[in-house]
Amino acid sequence: MFPRSSGTWVSNVWKIRTFLNTDTPALSSLWASHHGAFNSQSQCSVPIWDQCVLSKSFFRSDSLALALDSSDQPVGFVHFGFGGNPGGNRISDAQALIHKLCVLPCQEEDAIAAALLQFAEQSLRTQGATSCSALGSMERQAFYVGVADRDNLMGVLVRDARTQRWLATAGFLAIRPTECWELDLSSFRPPMDRTQIGIRRTCTVGRLIDEELHQSWWLSSVLGHCEQIRFNLVLRSPPKVESEILFWYPDPTLVGVDSTIVRLWLPNLPQTEESRERFIYLMAESLRQIQQDRKFAVRTFASPAQQPTVTLLQRLGFRSVDHGVVYAKDF
């Protein structure tokens with residue numbers, strides 16, 4: 001338990017309190033120290049905190065907690081809360097997320113992480129959460145998209161052994177491996193066979209302008225600091241939009257985030273072989289147009305268990321460059 005004392009929650013020698021507006025320099029420093037412990041170059045500067053995290057319409061100060069030592073110096077933080085509901089029109093009221101957990105490398109780091117996760121779990125239970133996942137995936141995400149390592153979309157990176165240890169000790173289970181896939185656009189060539197040649201005669205790929213974008217409130221909010229590019233596949237006879245695909249990258253005016261790599265948000269693949277071949281054409285033509293925009297690479301994420309998706313990515317020339325694990329816990 002965390003008995004309240006003078007506006008804080010006390011756990012052993014650490015005090016845990018929720019976010020104050022003056023905390024951003026400490027959060028940025030803790031981020032750098034935590035990531036440096038596993039040789040990550042990831043940074044989250046004070047301006048990035050302000051523009052990409054704290055400015056989100058769904059940010060709640062009581063869902064970002066800091067652990068303080070006996071000198072009131074921050075030694076770790078945990079950011080937790082809820083993602084979007086399946087319809088994408090409001091916040092979920094049951095499925096929670098640990099968005100981020102950063103702890104200063106020190107002898108007491110395991111105990112600090114345990115106290116922060118316990119605080120987060122108690123708060124989420126009070127709010128009605130029935131399950132929680134960490135630290136984000138293609139299906140469930142909220143914060144640090146385009147900011148954290150691998151965009152915070154593949155759980156915990158395998159090389160971040162500290163966070164994996166802390167989650168496992170807190171009762172989280174590794175439920176799914178993930179992979180980061182990248183395509184070097186300088187060497188990209190669209191697949192060309194009889195099937196793809198036939199599809200080119202019966203379909204067209206269009207690039208949507210901003211006025212034509214139709215997406216959920218949740219996705220619009222999550223990608224509010226990013227530029228978006230959408231393409232759709234239109235059957236010519238009879239005219240019909242069959243599928244759509246989304247690319248995005250952080251706003252280039254944001255200093256400190258990587259805008260050089262375009263990210264691909266993969267939808268569920270079509271079930272039939274014919275529709276899947278048309279989807280490959282949509283992917284290939286979209287990549288070709290992005291290549292003409294003088295972009296250098298495209299990145300996306302998938303689970304090794306999604307074999308059709310993995311096969312499609314390999315066919316288009318993507319290669320696996322990193323691995324992660326999604327963790328989850330039922331309350």
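A cavity, as I use the word, is a set of points on a 1 Å grid over the protein atoms alone where a 1.4 Å probe fits but cannot get out, and a lining residue has an atom within 4 Å of a point.

**Before I start.** I am working on a predicted model, where local features need pLDDT of at least 70 and side-chain atom pairs count only at pLDDT 80 or more, while totals for chains, interfaces and linings use all residues. Residues are numbered from 1 along each chain as its sequence is written, and side-chain values use heavy atoms, with hydrogens and water left out.

**Entry 1: cavities.** How many cavities of 30 Å³ or more are there? I get two. The largest cavity holds about 100 Å³ of space, a volume being the space filled by probe spheres set on the points, with grid points joined across faces, edges and corners. Its lining includes H35, F38, K100, D149 and D160. I sorted that lining into five nonpolar, three polar and three charged residues. Here Ala, Val, Leu, Ile, Met, Phe, Trp, Tyr, Cys and Pro count as nonpolar, Asp, Glu, Lys and Arg as charged, and the others, Gly among them, as polar.

The second largest cavity holds about 40 Å³. I found L97, H99, L135, G136, Q141, A142, F143 and N152 around it. Four of these are nonpolar, four polar and none charged. L135 and N152 also line the largest cavity.

**Entry 2: helices α3 and α4.** I looked next at α3 (residues 109-126) and α4 (residues 161-169), whose axes come within 10 Å and cross at roughly 55°. Helices here are DSSP runs (H or I, at least four residues), numbered from the N terminus. The axes are lines fitted to C-alpha atoms over the stretch in contact, and angles run from 0 to 180 degrees between N-to-C directions. The angle is why α3 is oblique to α4; oblique is what remains after under 35 degrees (roughly parallel), over 145 (roughly antiparallel) and 65 to 115 (roughly perpendicular). E109, D110, A113 and L117 of α3 touch R162, R165, W166 and L167 of α4, where contact means heavy atoms within 4.5 Å. I noted four nonpolar, no polar and four charged residues in this contact.

**Entry 3: helices α7 and α8.** At what angle do α7 (residues 273-292) and α8 (residues 307-316) pack? I read about 45°, with the axes 11 Å apart. So α7 is oblique to α8. From α7, E277, F279, I280, M283, A284 and L287 meet L312, L313, R315 and L316 of α8. This contact has eight nonpolar, no polar and two charged residues.

Key. Helix = DSSP H or I, 4+ residues; strand = E, 2+ residues; numbered from the N terminus. 1 Å grid on protein atoms, 1.4 Å probe; cavity = no way out; pocket = protein on both sides within 12 Å on 5 of 7 lines; lining within 4 Å.
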